[in-house]
Amino acid sequence: MKTCLVVDDSKVIRKVARHILETLDFQVREAGDGREALDSCLATPPDVILLDWNMPVMSGMDFLRALKDSGLPQRPKVVFCTTENGMAYIRAAIEAGADEYVMKPFDRETLESKLQIVGVA
């Protein structure tokens, strides 16, 4: 079973994402900020990370940089999930190591297509 770490400071978004991912046969873990997510990844790397941009403690961008520097032998795929839709944001996320980008709010179809693009669905 594929694993996904949902990283978002909104409990509602985490719950919605968990529901969608579980219908796609993913085992889901959650983190409320980038620091919690990094600790979770270092303990047990997931196959894919659904990552929010704006979070307290450690932002999505800071998390991506820390993940890149962590030396994990197999880096999880990362799908940035946010309300920021400017091309500059998208480019910055991809340059920082994100594999794909999905806009909030998203539905099952949209998320499934993004997961297929990164090769985990």
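Where does Pro105 lie? The legends below take this question first.

View 1. Pro105 lies in the loop between strand 5 (100–103) and helix 5 (108–117), where helices (H or I, at least four residues) and strands (E, at least two) are DSSP runs numbered from the N terminus. Most peptide bonds are trans. This is a predicted model, in which local features need pLDDT of at least 70, side-chain atom pairs count only at pLDDT 80 or more, and totals for chains, interfaces and linings use all residues. Residues are numbered from 1 along each chain as its sequence is written, and side-chain values use heavy atoms, with hydrogens and water left out.

View 2. Most residues other than glycine have a negative phi. Asp25 is exposed, with a relative accessible area of 54%, and Val57 is exposed too, at 71% (buried means under 20% relative accessible area, exposed over 50% and partly exposed in between, with a 1.4 Å probe and protein chains only).

**View 3. Arg14 and its contacts.** Arg14 is found in helix 1 and counts as buried, at 13% relative accessibility. Leaving aside neighbours within four places in sequence, Arg14 is in contact (heavy atoms within 4.5 Å) with Val6, Asp8, Asp9, Glu30, Ala31 and Gly32.

**View 4. The packing of helix 3 against helix 4.** Helix 3 and helix 4 (residues 87–96) pack at an angle of about 20°, with their axes 9 Å apart; the axes are lines fitted to C-alpha atoms over the stretch in contact, and angles run from 0 to 180 degrees between N-to-C directions. The two helices are therefore roughly parallel (angles under 35 degrees count as roughly parallel, over 145 as roughly antiparallel, 65 to 115 as roughly perpendicular and the rest as oblique). The contact is made by Met61, Leu64 and Lys68 of helix 3 and by Ala92, Ala93, Glu95 and Ala96 of helix 4. These residues divide into 5 nonpolar, no polar and 2 charged, where Ala, Val, Leu, Ile, Met, Phe, Trp, Tyr, Cys and Pro count as nonpolar, Asp, Glu, Lys and Arg as charged, and the others, Gly among them, as polar.
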